[in-house]
Amino acid sequence: MKLKNLFTVAVAGIMAMSVVGCGSAVSVDGEKKAEATTEAAKAEAGTEAAKTETEAAKAEATAEGSGTIGLSLSTLNNPFFVTLQEGAQAKADELGMELIVVDAGDDSAKQASDIEDLISKNISVLIVNPVDSDAVAPSVEDAIAKDIKVVAVDRMVNGVDVDCSIASDNVAGAQMAADYIVELVGEGAKVAELQGVNGASATIDRGEGFHKVADEKLDVVASQTANFNRAEGMSVMENILQANADVQAVFAHNDEMALGAVEAVSGKDIVIAGFDATDDAIAAVKEGTMACTVAQKPDLMGATAVETAQKLMNGETVEKSMPVEVMLVTKENA
């Protein structure tokens with residue numbers, strides 16, 4: 001009996017130890033699972049924190065103005081806009097910003113396509129120099145619908161509330177030129193007008209300024225478009241002279257057309273006034289083949305447009321309209 005009892009007690013002890021051992025194993029497994037769960041939670045939290053940090057960094061980068069700027073120009077076949085583009089690029093380089101430049105070639109349909117392409121590149125700000133101030137409006141509205149800020153430069157966008165418009169006082173500049181023509185040829189003199197691209201705000205404004213003076217003090221015998229182009233300026237002026245050989249003066253809406261008119265008059269004593277103060281025009285004024293031009297600052301306009309774009313990306317408030325002063329350039333001050 002005693003041996004059996006001892007055997008029973010031994011077996012019972014072994015079983016008890018086994019139960020304790022199993023309990024310890026279960027406890028260890030539970031701890032491991034708990035630790036694994038904690039580590040997974042930490043990893044997930046770390047991932048979420050990293051995502052949040054990345055998003056914050058992106059937001060901060062955008063706020064600092066690191067987005068891309070799109071510059072849609074009416075044409076680069078004109079020294080004025082080449083200088084504007086150079087001013088914009090120099091400022092973008094200085095600020096460390098990316099600038100994508102597209103050239104519409106004075107084609108409204110191409111400009112619309114250019115702007116849609118810029119929109120697809122997720123630009124932050126669109127700087128637009130319209131070919132046609134009316135025709136560009138739908139494309140600009142598309143950009144605004146994508147939360148893209150818009151700055152109009154040199155010419156307005158009709159019917160659209162853009163963030164900022166940067167342009168010279170074209171009306172005042174044309175009035176200056178018309179007044180100077182009157183001073184040189186006298187009231188009642190016969191004059192011709194070479195208009196810019198139909199629909200461009202510069203064409204409209206410069207025409208308005210010229211006619212404020214000319215309709216009262218001059219006899220406008222011809223007014224035709226030459227699309228801001230030198231070659232067209234020459235051919236249109238030749239045609240005007242065939243019908244009006246006694247023209248005494250010409251007001252051209254830009255220097256390129258004025259320089260074309262210089263070629264067309266072939267040394268005749270005709271006063272020619274331009275607008276833009278390009279290098280070629282200033283040289284012509286100094287030589288006396290042009291009477292005057294109206295000075296703008298296209299490089300400053302381009303730089304100001306890029307600076308304004310950066311401010312808009314930073315969330316800063318900018319002026320809705322930024323007029324650029326103009327000045328009459330004659331032989332005395334050229």
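This is a predicted model: local features need pLDDT of at least 70, side-chain atom pairs count only at pLDDT 80 or more; totals for chains, interfaces and linings use all residues.
A residue counts as buried when its relative accessible area is under 20%.

## The chain as a whole

How many helices and strands does the chain have? There are ten helices and twelve strands. Among contacts between residues at least 6 apart in sequence, 70% join residues at least 24 apart.

The mean pLDDT is 87, and 80% of the residues reach 70 or more. Residues 1–28 are a stretch to treat separately: their pLDDT is below 50, and they make zero contacts in the model beyond near neighbours in sequence. Residues 54–66 also have pLDDT below 50, but here the model shows eight contacts beyond near neighbours in sequence.

Now for the inside. In soluble globular proteins, nonpolar side chains tend to be buried together. In this chain, the largest nonpolar core has 30 residues, and the ones touching the most other members are Leu194, Met237, Ile240, Val247, Val250, Ile272 and Met290. The elements giving two or more residues to this core are strand E6 (190–195), H7, strand E8 (249–252), helix H8 (255–265) and H9. Which of them gives the most? That would be H8, with seven residues.

Take Met237 as a way in. Setting aside neighbours within four places in sequence, Met237 is in contact with Val247, Val250, Ala261, Ala264 and Val265. There is also a second, separate core of 24 residues, with Leu73, Ile127, Cys164 and Val318 among its members.

## The largest pocket

The largest pocket holds about 240 Å³ of space. It has 15 lining residues, and those closest to its centre are Thr83, Ala277, Thr278, Asp279 and Pro298. Helix H2 (79–95), H9 and helix H10 (298–313) each supply at least two residues of this lining. By class, the lining has seven nonpolar, three polar and five charged residues.

E5 gives the most, with four residues.

By class, the lining of the second largest pocket has four nonpolar, five polar and three charged residues.

## Two residues with positive phi

Phe228 has a positive phi of about 60° although it is not a glycine. Where is Phe228? Look in the loop between strand E7 (219–225) and helix H7 (230–243). Phe228 counts as buried, because its relative accessible area is 8%.

Asp276, from the opening paragraph, also has a positive phi, near 130°, and is likewise a residue other than glycine. Asp276 sits in the loop between strand E9 (271–273) and helix H9 (279–287).

Ser133 is in the loop between strand E3 (125–128) and helix H4 (137–145). Is Ser133 buried or exposed? Its relative accessibility is 0%, so Ser133 counts as buried. Not counting residues up to four places away in sequence, Ser133 touches Arg155, Met156, Val157, Asn158, Gly199, Ala200 and Ser201.

Glu319 lies in the loop between H10 and E11. Glu319 counts as exposed, because its relative accessible area is 55%, and the cut-off for exposed is over 50%. Leaving aside neighbours within four places in sequence, Glu319 is in contact with Asp163 and Cys164. Glu319 and Ser165 are 154 residues apart along the chain, yet 8.4 Å separates their C-alpha atoms.

Key: Residues are numbered from 1 along each chain as its sequence is written. Side-chain values use heavy atoms; hydrogens and water are left out. Buried means under 20% relative accessible area, exposed over 50%, partly exposed in between (1.4 Å probe, protein chains only). A nonpolar core is a set of buried Ala, Val, Leu, Ile, Met, Phe, Trp, Tyr and Cys residues joined through side-chain atoms within 4.5 Å. Contact means heavy atoms within 4.5 Å. pLDDT is the predictor's confidence in each residue, from 0 to 100. On a 1 Å grid over the protein atoms alone, a cavity is a set of points where a 1.4 Å probe fits but cannot get out, and a pocket is an open set with protein on both sides within 12 Å along at least five of seven lines; lining residues have an atom within 4 Å of a point. Grid points are joined across faces, edges and corners, and a volume is the space filled by probe spheres set on the points. Ala, Val, Leu, Ile, Met, Phe, Trp, Tyr, Cys and Pro count as nonpolar, Asp, Glu, Lys and Arg as charged, and the others, Gly among them, as polar.
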